[in-house]
Amino acid sequence: MNDRIVVTYRIETPGSVEKLAAKIASDQSTGTFVPLPGETPELKARVAAEVIAVRPLEPVGEPSFGRDHDDLAAPLSFNRGEADIAFPLAAVGTDLAALMTIAIGGVYSIKGFSGIRITGLKLPEAFARAWPGPQFGIAGSKRLTGVEGRPIIGTIVKPALGLRPHESAAMVKELVEAGVDFIKDDEKLMSPAYSSLDERIAAIMPVVLDHEQKTGKKVMVAFGITATDPDTMMRNHDRVVEAGGNAAVVNINSIGMGAMAFLRRRSSIVLHAHRNGWDILTRHSGLGMDFSVYETFWRLLGVDQFQINGIGAKYWEPDDSFIRSFRALDTPLFKPEDRPLPVVCSGQWGGQAPATWQAVATTDLLYLCGGGVVSHPGGPAAGVRAVQQAWQATVAGIDLATYARDHTELAQSIARFGSGDGA
């Protein structure tokens with residue numbers, strides 16, 4: 001198995017799961033619609049994919065593709081199963097674009113499916129040697145923020161606020177003085193006319209560095225450097241570095257794997273991955289792919305921090321999906337240091353801290369609150385303290401309501417966000 005790539009497919013079909021598994025193995029390796037000159041059994045044995053296991057699942061009454069798709073209107077039920085298919089490493093290599101094309105991309109075009117989802121991916125050690133993985137990851141993020149024994153507490157500068165650079169800097173000053181560990185640009189904030197990246201860096205970094213000089217604590221600020229052109233993105237990266245920054249937000253689905261590889265090989269700062277667009281690939285449970293498959297590519301490419309929503313998220317993703325995502329990131333691919341820091345986000349405030357702790361049983365995470373901090377009735381600084389207090393209570397095993405009796409900011413936060421309207 002050390003020289004084979006194993007992909008798990010959840011197949012849904014009105015016909016035979018076993019036959020479709022065999023067709024995936026054939027079509028995605030040696031199969032063509034007619035025999036080719038020079039095609040021999042020996043050649044096929046060397047490069048052909050192989051079905052190594054098929055596990056039946058309960059059938060479903062409705063097709064994932066919908067009954068208006070091809071001839072799927074007639075069947076009363078649709079068969080399902082998970083198939084493990086092994087691809088020889090020699091036939092695919094360690095290039096991630098080749099892996100995506102051969103083992104994943106073409107599968108969705110095969111006839112006969114009423115649904116198809118990639119649910120597992122096991123790679124040989126050769127991939128660990130071919131790709132750099134995180135440069136900082138969990139340990140580096142904690143070291144740079146000076147945080148131990150608790151989550152890194154972070155917040156977001158939202159572009160919907162329309163803040164100009166000097167206004168953003170004023171908010172950052174309030175946040176750093178309140179003891180926040182991490183501040184990031186919203187993924188939609190890159191270099192708009194009202195707040196260009198250069199002007200934003202020039203306004204914010206002196207605040208951060210002045211606070212560091214006074215207190216010894218350097219708050220990590222992740223600026224949005226996403227750009228279509230890799231050279232432009234590197235220029236944005238270098239501007240952050242020159243100003244004394246140590247982190248950047250990268251919209252990974254927008255830039256693609258090639259640009260991410262280009263950036264990681266040249267980067268000297270923490271790369272914070274925003275997965276906007278990921279939901280296109282996974283929102284339907286019978287289509288797309290599991291996060292454990294998707295994150296493998298980006299982890300190998302070298303993201304250091306990975307946003308994955310959270311408990312009680314404001315978006316569609318249910319809690320059990322978040323927990324699976326967290327566990328995927330927390331599981332080493334090859335060695336412990338290849339784990340990116342999970343970023344718990346989306347509608348978070350201190351109120352979800354106990355459920356998050358119960359679900360993940362670790363403080364190795366970045367707890368990221370947008371409106372849950374900046375919309376606190378006492379202001380952003382009070383919002384930071386409220387989240388800190390929530391985690392202090394949680395780690396100590398104290399009920400939040402009890403802890404809030406002696407902690408005003410937490411009490412105000414519970415009163416404001418207890419109905420679940422955090423952002």
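Helix axes are lines fitted to C-alpha atoms over the stretch in contact, and angles run from 0 to 180 degrees between N-to-C directions. Helices (H or I, at least four residues) and strands (E, at least two) are DSSP runs, numbered from the N terminus. This is a predicted model, where local features need pLDDT of at least 70, side-chain atom pairs count only at pLDDT 80 or more, and totals for chains, interfaces and linings use all residues. Residues are numbered from 1 along each chain as its sequence is written, and side-chain values use heavy atoms, with hydrogens and water left out.

**Stop 1: a helix pair**

Select helix α10 (residues 252-266) and α12. Their axes come within 9 Å and cross at roughly 30°. The two helices are therefore roughly parallel to each other (angles under 35 degrees count as roughly parallel, over 145 as roughly antiparallel, 65 to 115 as roughly perpendicular and the rest as oblique). Now show the side chains in contact (heavy atoms within 4.5 Å). From α10, take Ile-252, Asn-253, Gly-256, Met-257, Met-260, Ala-261 and Arg-264. From α12, take Tyr-294, Phe-297, Trp-298 and Leu-301. Colour them by type: eight are nonpolar, two polar and one charged. Here Ala, Val, Leu, Ile, Met, Phe, Trp, Tyr, Cys and Pro count as nonpolar, Asp, Glu, Lys and Arg as charged, and the others, Gly among them, as polar.

**Stop 2: another helix pair**

Go to helix α8 (residues 197-215) and helix α9 (residues 230-242). Their axes come within 10 Å and cross at roughly 15°. That makes α8 roughly parallel to α9. Leu-197, Asp-198, Ile-201 and Ala-202 in α8 meet Arg-235, Asn-236, Arg-239 and Val-240 in α9. This contact has four nonpolar residues, one polar and three charged.

**Stop 3: the cores**

A nonpolar core is a set of buried Ala, Val, Leu, Ile, Met, Phe, Trp, Tyr and Cys residues joined through side-chain atoms within 4.5 Å. Buried means under 20% relative accessible area, exposed over 50%, partly exposed in between (1.4 Å probe, protein chains only). Which residues touch the most other members of the largest core? Select Ile-5, Tyr-9, Ile-11, Leu-99 and Phe-306, out of its 104 residues. Helix α12 (residues 291-301) gives this core its largest share, seven residues. A second, separate core has 16 residues, including Val-147, Ala-247, Val-249 and Cys-345.

**Stop 4: helix α6**

Select helix α6 (residues 137-145). Its buried residues are Gly-137, Ile-138, Gly-140, Ser-141, Lys-142 and Thr-145. They pack against β5 (152-157), β7 (220-224), β9 (270-274), β11 (305-307) and β12 (341-344). Step just past α6 to Gly-146, where phi is positive, about 70°.

**Stop 5**

Most residues other than glycine have a negative phi. Pick Ser-346, where phi is positive, near 80°. Ser-346 sits in the loop between β12 and α14 (353-360). Is Ser-346 buried or exposed? Ser-346 is buried, with a relative accessible area of 9%. Next, pick Ala-361, in the loop between α14 and β13 (366-369). Phi of Ala-361 is also positive, near 55°. Ala-361 is exposed, with a relative accessible area of 59%.

Finish at Ser-114, in the loop between α4 (96-104) and β4 (115-122). Ser-114 is buried, with a relative accessible area of 0%. Leaving aside neighbours within four places in sequence, contacts of Ser-114 include Glu-12, Pro-63, Phe-65 and Phe-78.
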